[in-house]
Amino acid sequence: MKLVLIVGLLVVAVFAVDPNHGLEFLRFVHQYQKSYASNSEYMDRYNIFSANMDKIDAHNSQNLGWSLAMNEFGDLTWDEFASTHLGLLRGFAQPTNASDIIELRGALSVPSSVDWVAYGAVAEVKNQGKCGGCWSFATTGSIEGAVQIKTGKLTSLSEQMLIDCSTKNHGCHGGVVDYAFQFVITNNGLCQESAYPYAGAQGVCKTSCTKVSPISSFKDVPQHSETALLAAVAQQPVAVAIEADEDAFQFYSTGVMMGKCGTKLDHGVLVVGYGTENGKNYWTIKNSWGGTWGESGYIRIGRGLQTPYGQCGILMQPSYAVV
């Protein structure tokens, strides 16, 4: 009875502050099964939610061709969200050894569009949760795609094994895709996702499950070259680093994202294709924030920009697995 009364009073308080966002917040709490430890935390989260709704509404009112929408991250400040949902180690210098550089076969005659999801070379969208292990998801995605293209078999691989066992990386505190590729080569493959499931936290490395999908090497795509990245993505899904510490990423919903983003790389993702929509060229990116985020877990960002870094730094650190 006391709990019902408290909830009732909170509802009254929320509606008194803002009847529009108050109703939306109640729906948000119910939809995502949110719970808060105290009345004050409830009101604090409501205030954050309301501020985020204002940002979303202000953006969408500009009709920029891409939209934002409320999602499960609506009660988090950007700093809170970024502290747990990014995870690329900054300051990593990509190798320049000639043996690690992509061969640009057919770079001038790539298809006008590519969709590795439609081809069947991309596993289901996964969710890293509150663990900065994005680098591991980009790594497995590249390997899963390379193996499927070569063998016709799509096998979902274990990010948790990388988080637990790739010691050059730092588990949920960040990592580098190339270091993860090196681990897979040395380890002669990874366990399947079903055999070594994701836990969302770093644990003790396990070696008992059968390893699959070994790779022979990896390639680093020449930096600052859109032609090179196009040639690479035309062959297979490619792991890239981007700067995602902008509000637009937290609430991206649909469309070709052309908004502000920089080149301080902090998030590892997977490029799974490219194309053009209404005259806007784009890259299709598979994220690791779950299927309710963005376009069913994907985002499309601008391509063909007049910058050597690409939208959000996408041209700065691409690499892919070789089976």
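Helix α6 (134-151) packs against helix α8 (residues 177-187) at an angle of about 55°, and the two axes sit 9 Å apart. That angle makes α6 oblique to α8, since oblique covers whatever is left after under 35 degrees (roughly parallel), over 145 (roughly antiparallel) and 65 to 115 (roughly perpendicular). This is a predicted model, where local features need pLDDT of at least 70, side-chain atom pairs count only at pLDDT 80 or more, and totals for chains, interfaces and linings use all residues. Residues are numbered from 1 along each chain as its sequence is written, and side-chain values use heavy atoms, with hydrogens and water left out.

**The α6 and α8 packing**
- The crossing of α6 and α8 is right-handed.
- On the α6 side, W135, A138, T139, S142 and I143 meet V177, A180, F181 and V184 of α8 (contact means heavy atoms within 4.5 Å).
- Sorted by type, the residues of this contact come out as seven nonpolar, two polar and no charged.

**The cavities**
- There are two cavities of 30 Å³ or more (a cavity being a set of points on a 1 Å grid where a 1.4 Å probe fits but cannot get out, with lining residues having an atom within 4 Å of a point).
- The largest cavity has a volume of about 90 Å³.
- Its lining has 14 residues, with F137, A138, K286, N287 and S288 nearest the centre.
- Both α6 and β8 (267-277) give two or more residues to that lining, and α6 gives the most, with five.
- The lining of the largest cavity splits into four nonpolar, five polar and five charged residues.

Notes: On a 1 Å grid over the protein atoms alone, a cavity is a set of points where a 1.4 Å probe fits but cannot get out, and a pocket is an open set with protein on both sides within 12 Å along at least five of seven lines; lining residues have an atom within 4 Å of a point. Grid points are joined across faces, edges and corners, and a volume is the space filled by probe spheres set on the points. Helices (H or I, at least four residues) and strands (E, at least two) are DSSP runs, numbered from the N terminus. Ala, Val, Leu, Ile, Met, Phe, Trp, Tyr, Cys and Pro count as nonpolar, Asp, Glu, Lys and Arg as charged, and the others, Gly among them, as polar. Axes are lines fitted to C-alpha atoms, for helices over the stretch in contact, and angles run from 0 to 180 degrees between N-to-C directions. A crossing is left-handed if the near helix is turned anticlockwise from the far one by less than a right angle, and right-handed if clockwise.
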